[in-house]
Amino acid sequence: MLKFIRNIVLFIIAAMIAGEVVVRITHAVSDVPQRIIDGDGIQKYYPNQTGYSLNGEHTWLINELGWPGELPKSYDNLVLIIGDSFVENFMNPNECHQAPLLEDRVNEYSFLETARSGVSFIEAFEIAKQMDTLNPVKSLLYINDSDFYESVKEISEKQDITQLDISKSRVIHGKMKSPGIKKVLYNWKLMYYFYNRFPLNFESKKPPKKYVPKERTLKHANEVDGLLNYIKTKYRITDKILVFHPYSSKKLITKCEEVGFKVISLDSSNDSNSWTFDFDHHWTCYGHEQVANQVARSLKSSH
Amino acid sequence: MLFNSIEFFVFLPIVFVLYWFVTAKYLKAQNLLIAIASYVFYGWWDWRFLSLIAFSSIIDYTIGLLLQRTEVKSKRKALLWISICVNLGFLGFFKYYNFFIQSLVDSFTLLGQPLSINSLNIILPVGISFYTFQTLSYTIDVYNKKLEPTKDFIAFSAFVSFFPQLVAGPIERATNLLPQFYSKRVFKYDLAINGMRQVLWGLFKKVVIADNCAKYANIIFNNYEDYSGSTLVLGAFFFAFQIYGDFSGYSDIAIGVSRLFGFDLKRNFAFPYFSRDIAEFWRRWHISLSTWFRDYLYIPLGGSRGGIKMKLRNTFIIFIVSGFWHGANWTFIVWGALNAIYFLPLLLTNKNRVNTNIVAEGKYLPSFKEIRQMAITFFITLIAWVFFRADSVTHAFLYLKGIFSSSLFSYFEIFPVTILSLLLFFIIIEWLGRNSEFAIENVDFMNKPIRWGFYVGLIVLMFAYTGEQQEFIYFQF
């Protein structure tokens, strides 16, 4: 029995080493950049990281400021592009990111992306405030309805997301969720591969549903009003342009305009081609190009 | 719980350690552990259906004891029929109720008398066809006095629910498996190593061969109108290896895992695609089901002893029932009937037992005659698999029409080189190992580093070419 167990353990170790090598060579899982929380309470990435996307089809890059994407050649006439996973955009190669696409279309500005998955509406303003040292002339905030709701603690308290406690008029910065386990999982590629490949959660075993966009309706109107009032009083909003995803709630957009925001409302309804991946609501390269076309048109007209 | 899931890789070592280190001294405790572990294994899918297994176990255990107490023929027969009705009643309700209702409605509609009977939203309990046949074999064997009924309910429960083969076989006979629960198991290193080897090969068959073939078989079968005849042949080819890799892979894992616990299960597959005629194919494919039908249906019906009429009748009955066992759909019935048609000429000319040895035994390569025989047998099974895989009989006929069209000799629209290379590797290993119980059983001629390198190589292929995780096909049967 002991001989059997010893051999099995040795074999498992050998197989795990071989598996780790194969998973790394074939890029069977995406590399995940490591995060830190800086002195302002903002979650960003350790600077100067690079890694492969799933199957190694392209690489991603974290610049020296700790944000995904390349730094602009010049900081003159700088426009910040702030957003969540849509702007972070690890699923597409660098040429499909908003900064290079907009640079191609609007020559008079330079663009810098400051995005991270999970950024809420309130956190976008915290990031913008921190980036004021670069003297941006405008900030484009790519947002969705859920970014508003996630920003308010009274709607649903979330430890890992930066939220506003309206009752106390206080911003609560998000904490990292299980940082130790994540660090192990992201470095031990084979284990991360198993984690993705054989989820323990039964729900995730169901075949993914094809993503079909649909018009959203405004929820939690009072809390959204509280959030917008707080932002209006605590942050500069005149240089912020809110870029709403397609099918965002019209009432929500109107509310933002009434507060004084400039708004770009993206529209994909007349496009016969889908902007998103089949089983993922994120934009494809094609989707990002269409977004950049509409944002560029709006920037030029307001110039 | 799937064999190819993380849950099982946690579950198995826990049960193994408890079995050999905690309960090893007490046979009853070991059997109880197996029964509990089996219920956990099954309940992981849906705990509600554990009641069905428990109920079947209680009924057949009780009937076994009652059969022992009486010698009155009519009483014994009545008891046997109670067991058959209860077990087949569950099977009939859960598996065939909607099929019969729909067929009835369709028949009356065809006669111009539409009926309005609603079908029910019934979930098919995983593995019901397997454990039903297993418990039935116990009652029938006790009735025929081939087996002493057990007085040990825990052993009987463990036999009915034995987790390695509970949901997709092999369908064990009580005469083989039940006595193994009566005697103390001793850990045997060689048996356990052999079991691990079989588990590894079974996982390779499932994860690399079946799941990858499934991807292309699904694409081609679901969009058959868009493809040429040559690609449709490739689709059927992929399905042939999907179902073989899937089902024989499951059997390998089941047999291998059983060996870790000191049990010896029946062989279920014996390299069926190297068969030289359809009779040989059916001696090598799903052996535990074929022999079950042979012993409990074909022989009681008279087998092949009577005249031509009886042979014809019995052959069609056994193949059609076997097809129907696979699922409540006319496609399975046609699949069964087609195999009967393939088989009959051999039976009627007494050539059904010509090829009983291993093909090209003791040689590396087969003769041209053997290649021709194997190719023909494989091709006709391929045609039959089209019915097995198709959604309906119409779908199958349209698929076959697509195959036998002018585009049969055109270029393939789909030709996944990597998967075909893996299949070639798989076929070569299976061919080289065809003298053994499973392909990589006899690899001891390699020295340890090479042997371990080979095992690790298989695991690496599993990591690198793992297909989309799919349930085992035979779970639905």
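**Domains and cores**

Guide: Chain B is divided into domain 1 (6-186) and domain 2 (190-276 + 355-476), with bounds that come from an automatic or database domain assignment. This is a predicted model, where local features need pLDDT of at least 70, side-chain atom pairs count only at pLDDT 80 or more, and totals for chains, interfaces and linings use all residues. Residues are numbered from 1 along each chain as its sequence is written, and chains are lettered from A, ligands numbered from 1, in the order in which they are written.

Visitor: How many residues does the contact take from domain 1 of chain B and from domain 2 of chain B?

Guide: Two residues are in contact if their C-beta atoms, placed from the backbone, lie within 7 Å. Here, 17 residues come from domain 1 of chain B and 17 residues from domain 2 of chain B.

Visitor: Which residues touch the most other members of the largest nonpolar core?

Guide: In soluble globular proteins, nonpolar side chains tend to be buried together. A nonpolar core is a set of buried Ala, Val, Leu, Ile, Met, Phe, Trp, Tyr and Cys residues joined through C-beta atoms within 7 Å; buried means 20 or more other C-beta atoms within 10 Å of a residue's own, placed from the backbone. In the largest core, of 130 residues, they are B:Phe159, B:Cys213 and B:Phe387. This core draws at least three residues from each of domain 1 and domain 2 of chain B.

Visitor: What is B:Phe387 in contact with, leaving aside its neighbours within four places in sequence?

Guide: Its partners are B:Thr331, B:Val334, B:Trp335, B:Leu338 and B:Ala396. A second, separate core of 50 residues includes A:Val87 and A:Ile122.

Terms used: Buried ≥ 20, exposed ≤ 12 C-beta atoms within 10 Å, placed from the backbone.
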